[in-house]
Amino acid sequence: MAAGFAQWGNDLYTGRRSYDIVGRRRLWFTISAVLVVLSGILLVKPGLNPGIEFRGGSEFVVSGITDRSQQLAIDTVQSIAPDEAPKVSDLGANSLRIQTSELDRAESEEVAAALADAFQVAPNQVTTQFIGPTWGADVSQKAITGIVVFLLFVTVVMTLYFRNWRFALAALIALFHDLLITVGVYAAVGWEVTPSTVIGFLTILGYSIYDTVVVFDKVRENTADVLDQSRHTYAERANLAVNQTLVRSINTSVVALLPVGAILFVGAFVLGAGTLRDISLALFVGMLVGTFSSIFLATPLEVWLREREPKVAAHTAKVLRARRSSGEEGAPVLAHAATVGATVPGSHQGTAAQPRRRRTKR
Amino acid sequence: MLLGIVLTVFGSVFVGTKVSNASWTPGLALDLEGGTQLILTPVSSAGTPTSEDINQAISVIRQRVDASGVSEAEISRQGQRNIVVSLPGTPSQETLDLVRKSSQMDFRPVLAVDVGSPAPEPTATPTDSPTDTPTEEATPEPSASASATADGSVAGTVPGATTPTPEPSPSASSGAQSPSDAAYYLTPEVQQQFEDLDCSAEGALAGGEPGAADKAFVTCDTDGVYKYALGPIEIPGTQIDSATSGLQVLPNGGVGTEWVVNIKFTNAGTTTFAKTTERLLAQQPPQNQFAMVLDGLVISAPQVNTVIPNGQAEISGDFTQATAATLAQQLNFGSLPLTFQVESEQRVSATLGSEQLQAGLVAGLIGLVLVVIYSFLQYRALAILTVGSLVVAGVLTYGVIALLSWTQGYRLSLPGVAGLIIAIGITADSFIVYFERIRDELRDGRTLPAAVERGWDRARRTILASDAVNLLAAVVLYALSVGGVRGFAFTLGLTTVIDVIVVFLFTHPMMEIIARTRFWGGGHPLSGLDPRRLGAPERTRYVGRGKVVTGPRSTAGPEDAVEDEPVTDRKVPTPVGTGGMTIAERRAAERAAARRADAPTDAPQTTEGND
């Protein structure tokens, strides 16, 4: 398998095999748009399920129990606070989590003691937590400030690094795309949104940009002197860059996803609801979407923006015109793009590359 | 260099374990170790607490917690207005109540003063101490008048220390003549309480209990040096308008050299304070002092030297700039009656914490193993370098966290652990970026050492750019975040920095070294750097002993040329020299390509043709 993959990577690099990613941008844009709209709908219809940190309330976790009867927990809570409707969920192999609305101190002490009693565990096996209703609002406000500040910084840094704002804009659009879809998936799964989830969302910001930077770096390298030659258009060079980084993108994504997947697995199946599960789902989806967008969305977008630049547009037109006039009309455009950046001495460049004899009529 | 960093980190932790309380295992946060965490927001009915008020509130809470005998409590500020109190283990109910109690400041008249605790050696009489206790002078503005001595020297000058002479007067039952009426307020019980009070006892300095407003109140000062019997509240802290510290303004309008604290009272406070000073002026020491009681503890007890009718008092004494500023801050803080609103209270049982930690570590291990397996599949023997680099990064991270846990009191939380695990992937990413770059160069036909050099040149830029983005994200997250986000952002940022260090100081130098070995440099099929597998163009080359070999493979060579076993006769697999295909070869290659195009292929084909 690895051999095949390596060969595939070689072919992609040399251009022997090439996927027209930039050329089919309509398709990718449509897919992305559909996903974004779907996420938007999911955000409205089932909506996000706010965790206790955002609702406010009391939470008890009874650990080290043998009998995981949810009814017992509900009855115990109601014996102290009769009009409570506690939400009970499993947590790990031997723990139960019970969430209620806000209980006052005395009540929550009582409930904790009663739970310990009912489940026959030591009182210190019961974890209690009380969260005021404004706490979550505080966290989300901080998160939004964080996002805004981060985006500003990233725009500046990327504009400086790539010396072109179009890279930054394309990366930012890809970023919003990633974020929205991740939040949408979270809404669809229906897990509670806790501050840990918010952490996950915020980390996606960094990861999505990271992924895009790796691809853009190659794009920039390949297209650095695109205007000084007339064999390839900007789009073709950019497409070669995406193809060349494809293997790298896949490898980095897989390697980044493996640990996250491990946490997600352990979090979801062993621990149950909690910090690890919340962070890792957000990250897992975000990284997956981030990889997709860095390849299929960011670069085509960047090319699309670039082609609006008069200089690039003129160059593209010139290249295509030259190609047509050299009698290769209808010839596979990508056959031109499908060469490695550095030409190998001795390899044939096609008859078009040969010096032409001037025909003089006598 | 890298060895130096590692040795420095571990050396300092080692020294820490010897001379201090550093430990080889990093400290764990509450959610992993178990304990109680309170998140409090100071709320005031009279205006928004300023940043300074919150710092004051933190020191008030710290005073309470430290004095109540809870060890290793952590009180920190989070974000703009939250105070996080972390108490390890299961603190008692009283401690928890104490922490959440609202804090207030009052002015009370002093009825009696004594040394805070029974002096162990009789020589340590307060008379020896005036040098280090401030002698405060309350000089009203603008007309200077009189001197006041604060707690320290007062007690020293008073003969016999226990001045209050409880003259049981018959009028006691008929009501107090004034708040300074010692005879009325110093009942035998209060007297007894006062004598029993030992300010060095545990919990005595916890404060938090403001005392009944209309009764006598017995308490210590914040250092526990003196104890006071105080009259009822005369001026509540809310009647302070503001307090500032600065250099004394002399009567002639010049600026003196002494640091003073200026208090401005509100209208109501001005009237009361005028009356109080008028009455106290006539009293005998120590009853001519009034005590500023913050959170149930006396912060200062200046003596009154004149009547202050205009509500602007000046406290002078042996202040330094810092002590004057502190007192002014405390007074300002006192002017806002703060209550602490509990935003979140979390009690984690130790078993749940360790369960979470264990699960987190298992997850990390699974992730690590998967990453290693994948690296071996992709990079063959080169994965050894990945694993080595990961190990170095892991060791370094562990050392730094242990070091920070000792010097900065850093505690590893569950989100922090998650950050570390995710960092495995992100760290391995930069190795992949590097390796892929080298492979790209190999595909272009460079020899390994040349490929490493060029690949590094380009990969370095990419790695730095993407790590910069990661670091930026971590810093922004850290600076603006609350709660668990912080721990996560911290480990993420830390590992990003360590990633850069490791790539620059370990992975790249090692790569250069192994590029010279026969196994890697020679492009062994299992080395992960085999140029043939990477599709590097084979060229006519000299293989020694007068033999020239033309490789049958080329950029458009026969398919399935990627076999693991090297074709015999290729003793020097690294392509050297230049040269292209012959015409015949090219035609053969074209035929082969045509054949291949006709045959159904397994992999997705190129999208040629119209785009």
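1. Helix H7(A) crosses H8(A) in a right-handed manner, where a crossing is called right-handed if the near helix is turned clockwise from the far one, and left-handed if anticlockwise, by less than a right angle. H7(A) covers residues 165–189 and H8(A) residues 195–222, and the two pack at about 145° with their axes 9 Å apart; axes are lines fitted to C-alpha atoms, for helices over the stretch in contact, and angles run from 0 to 180 degrees between N-to-C directions. Helices (H or I, at least four residues) and strands (E, at least two) are DSSP runs, numbered from the N terminus.

2. This is a predicted model, in which local features need pLDDT of at least 70 and side-chain atom pairs count only at pLDDT 80 or more, while totals for chains, interfaces and linings use all residues. Residues are numbered from 1 along each chain as its sequence is written, and chains are lettered from A and ligands numbered from 1 in the order in which they are written.

3. The 14 residues of H5(A), 105–118, should span 20 Å at 1.5 Å a residue, which agrees with the 20 Å between its end C-alpha atoms; the expected span is 1.5 Å times one less than the number of residues. Ser108(A), Val111(A), Ala112(A) and Leu115(A) are buried in H5(A), a residue being buried if 20 or more other C-beta atoms lie within 10 Å of its own, exposed if 12 or fewer, and partly exposed in between, with C-beta atoms placed from the backbone. Seen down the axis, the buried residues of H5(A) fall within an arc of 100°, so they line one face of the helix; the arc is that of the directions from the helix axis to the C-beta atoms. The face turned away from this buried side carries the exposed residues Ala106(A) and Asp117(A), whereas the cover over the buried residues includes strand S2, helix H4 and strand S5 of chain A.

4. Chain B has 16 helices and 16 strands, and 50% of its 611 residues count as buried. Helix H11(B), residues 383–407, reaches 35 Å from its first C-alpha to its last, close to the expected 36 Å, and just after H11(B), Gly409(B) takes a positive phi of about 70°.

5. Phe273(B), in helix H8 of chain B, counts as buried because 28 C-beta neighbours lie inside 10 Å. Leaving aside neighbours within four places in sequence, Phe273(B) is in contact with Ile235(B), Phe265(B), Ile308(B) and Gly311(B).

Conventions
Two residues are in contact if their C-beta atoms, placed from the backbone, lie within 7 Å.
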